[in-house]
Amino acid sequence: MSKYTRRDFVKAAGVATASAIGILGWPIGVQAKTGNRSKVVVIGGGYGGATCAKYIRKLAPGVDVTLVEQNKEFITCPFSNTVIGGIKRIEEITHKYDKLKQRHGVDVIHDLATEIDATKKTVKLKSGKTLGYDKLIVSPGIEFVWNKIAAYDEKASEIFPHAWKAGPQTLLLRRQLEGMKDGGTVIITAPADPYRCPPGPYERACLIANYFKQHKPKSKIIILDAKDKFSKQPLFINGWETLYPKMIDWVSKSAGGTVVRVDTKAKLVENDTGFTYEADVINVIPPHQAGAIAQKAGLADKSGWCPVNQRTFESTLHKDVHVIGDSALAGEMPKSAYAAGSQGKVCAAAVVAELGGLNMPEPSYVNTCYSFVGPEYGISVAAVYRITDKGIAAVKDAGGGSPKDVDDTFRNMEAVYAQGWYDSTVADMFE
Amino acid sequence: MKSCNLNKRLRSCLIGTACAVLLPVIAQADELSRAAMLSYTCAGCHGTNGISPGSIPSIYCKTADTIEKALKEYRDGTRFSTVMGRHVKGYTDDEIQLIAGFFGTYCNEKIGIKK
């Protein structure tokens, strides 16, 4: 058994305080500069923030961690397409924060972070409360860039739902699909890269088609895309041909897929050449940027996203503020739930290392995403990442999509594992 | 098993001073290590500490030898997998050993379950 050890870091890094780190994972006696217990505040209780909060406590139970999240319940974006497609109820993708407190001692405050003072190291909340921190982790997800598609603003999203943040919008799109006549047309507009959940729009088309196939078989789905290729493309197209022949039309950017204007009264969208498409249900997924608090706190650059040291996720614009998840510019990692969780763990290690005066081990990151082509037909994409001179990069010859030529059993296994992936990623945040 | 004994000794030595500084919410914390960093990437699918709540197989309480052998077989394609083969190709032999060691020793040390 001697060849297996979890103590490689101590040996490799030759940290002087190694014996003090010991079994408790935290150097005894190391205190924050303030003289009190170290304080970490995490803004945003999604896959990035919740996972990070939990893993900080897992590595260093001596650190106080406060998670600020405006919603009392977490509704996952992953699997929200199954609600839109009528396979699951929204209650099945809704989770509580209780266990973060009970099991991991994370102080969860349901409030909205409105201001960050990176000099004074404080966070102001909507309730008027102010929190001080030694380290701040910002994981606010995405904010939409309203009116980038002309006339598509928050009000318009009540008529043409985006359903790209799970919750009422998910249910609105579901209701519209239920109310649509057989033989109707649905438009999904897919944004240009980068955006949250690259395979999401195409999985959504699949699960809407699955619903139509059973209940409204004369209906059609048109995807208007602002790009010429997309995630898991050959796998999706193969799935569409197999399960939903002639039901889904994909219009690439080159073929006129870029939507530049919407008209909610006329129920149409217009592309960049002036051509209009009418439909009964229109799902507009607008372009996004880093979450509102990241923008307000000056953590985003001109791209709209937050530049970070990709080893530690510390902002390159503000010291002691780390940005993870969809808001961060994380090299080759996609904006996905799994990637956010993976970044949360790397960030947890970086924060614990810095607070404890330890060397940070070499980071390791993974992304794994499943998509449903049908309820019993799953596909996946995976990647293992390392830190390089150019930032986070995928290991060549590893990862990739599901194989193209496999039987139904394989696809079915991946659908079963998709549910397992869901259960585990949620458990990794809270349990 | 040497490290286990060392752990016990350390625990009893430190417990007096530790209580003042640490909240014992979790019985035992993870050590900040390369092995933890690598193994944390598995937890997204296999569950925290390798304890899976759903259809993806758990990996806790398997021996390190079993895990190492399985991972190498996935990588070489001699064992069937849907996605594991694609993952394991991203790790070196040394890294596979660290991951196997992390989960392989988790059983006794971390969650008090006897192999």
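**View 1. The cysteines, starting with A:C206.** A:C206 has 0% relative accessibility and so counts as buried, where buried means under 20% relative accessible area, exposed over 50% and partly exposed in between, with a 1.4 Å probe and protein chains only. A quick note on what you're looking at: this is a predicted model, where local features need pLDDT of at least 70, side-chain atom pairs count only at pLDDT 80 or more, and totals for chains, interfaces and linings use all residues. Residues are numbered from 1 along each chain as its sequence is written, chains are lettered from A and ligands numbered from 1 in the order written, and side-chain values use heavy atoms, leaving out hydrogens and water. Across all chains there are 0 disulfides, a disulfide being a pair of cysteine sulfur atoms within 2.5 Å. Take A:C369: the nearest cysteine sulfur belongs to A:C197 and sits 6.2 Å away. A:C369 is buried too, with a relative accessible area of 9%.

**View 2. The largest nonpolar core.** Here's a set of 142 residues, in which A:I56, A:V138 and A:I221 have the most contacts. A nonpolar core is made of buried Ala, Val, Leu, Ile, Met, Phe, Trp, Tyr and Cys residues joined through side-chain atoms within 4.5 Å. Helix α10 (residues 337-356) of chain A gives the largest share, 12 residues; helices (H or I, at least four residues) and strands (E, at least two) are DSSP runs numbered from the N terminus. At least three core residues come from each of domain 1 (8-70 + 111-143 + 290-362) and domain 2 (146-286 + 368-430) of chain A, with bounds taken from an automatic or database domain assignment. Zoom in on A:V138 and, beyond its neighbours within four places in sequence, you'll find contacts including A:I43, A:I116, A:L299 and A:V323; contact means heavy atoms within 4.5 Å. Another core, of 15 residues, lies apart from it, with A:I149, A:I187, A:V259 and A:I282 among them.

**View 3. A:L100 and its surroundings.** A:L100 belongs to helix α5 (residues 98-104) of chain A and is buried, at a relative accessible area of 0%. Setting aside residues up to four places away in sequence, what it touches includes A:A50, A:K54, A:L67, A:M429 and A:F430. The C-alpha atoms of A:L100 and A:E431 are 7.1 Å apart, although 331 residues separate the two along the chain.

View 4. A:R174 is buried at 12%, whereas A:E178 is partly exposed at 44%.

View 5. A:D428 and A:K345 form a salt bridge, with closest N and O atoms 2.5 Å apart. Elsewhere, salt bridges that share partners join A:K121, A:K135, A:E314, A:K319, A:D320 and A:E354 into one network.

Definitions and conventions:
Salt bridge = Lys/Arg side-chain N within 4 Å of Asp/Glu carboxyl O.
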